[in-house]
Amino acid sequence: MEELFSYFTRAGQLVECIMNDSIGLPENFLKEYNNDRSWDFMVAMHYFPATESENNGITPHEDGNTVTFVVQDEAGGLEVCKNGEWIPVIPELGKIVVNLGDSIQVNCR
């Protein structure tokens, strides 16, 4: 798990660099903004698929961080809210969803 975490950390830093350049922020802005890597964490969440009478998932929320990598299983369940409408993210084997968090939205307005 520690080795996997280090790969995700490096991938996150690469995504930060790409985002930084893509949205026209000052050079190294996100690198300096996220310099304290002690806030990086990895968690495995597993929710049973919803049934007609029960939904065991997490409540609607926003990610407050910069970037989140989401690896789904075949059951799926991840949704994104766009213009007030919830849209399912169809899981694809071997694909990772990269979600930009609130800190990107706040810093880029």
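Here is a short tour of the structure, one selection at a time.

Before you click, note that this is a predicted model, where local features need pLDDT of at least 70, side-chain atom pairs count only at pLDDT 80 or more, and totals for chains, interfaces and linings use all residues. Residues are numbered from 1 along each chain as its sequence is written, and side-chain values use heavy atoms, with hydrogens and water left out.

**Whole chain, cartoon view**

Start zoomed out: there are three helices and four strands, in the order α-α-β-β-β-β-α along the sequence. Helices (H or I, at least four residues) and strands (E, at least two) are DSSP runs numbered from the N terminus. The C-alpha trace spans about 50 × 35 × 25 Å along its principal axes. Of the 109 residues, 17% are buried. Buried means under 20% relative accessible area, exposed over 50%, and partly exposed in between (1.4 Å probe, protein chains only).

Buried or exposed? Glu16 is buried, at 5% relative accessible area.

**Hop to Phe29 and Tyr33**

Two aromatic pairs turn up in a search of the whole structure. In the Phe29 and Tyr33 pair, the ring centres sit 6.2 Å apart with planes at 10°, so the pair is stacked. The rule: rings of Phe, Tyr and Trp (its six-membered ring) pair if their centres lie within 6.5 Å, and planes under 30 degrees apart count as stacked, over 60 as edge-to-face and the rest as tilted. These two residues are four apart in helix 2 (residues 29-33), so about one helical turn separates them. Phe29 is partly exposed at 27%, as is Tyr33 at 42%.

**Check two backbone angles**

Asn28, in the loop between helix 1 and helix 2, has a positive phi of about 65° without being a glycine. Its side of the tally is partly exposed, at 36% relative accessibility. Now jump to Asn83, in the loop between strand 2 (79-82) and strand 3 (85-88): phi is near 55°, again positive in a non-glycine, and Asn83 is exposed at 78%.

Ala44 lies in the loop between helix 2 and strand 1 and is exposed at 76%. Draw a C-alpha to C-alpha distance from Ala44 to Val70: 9.7 Å in space, 26 residues apart in sequence. Met45 is in the loop between helix 2 and strand 1 (67-70) and is exposed at 54%.
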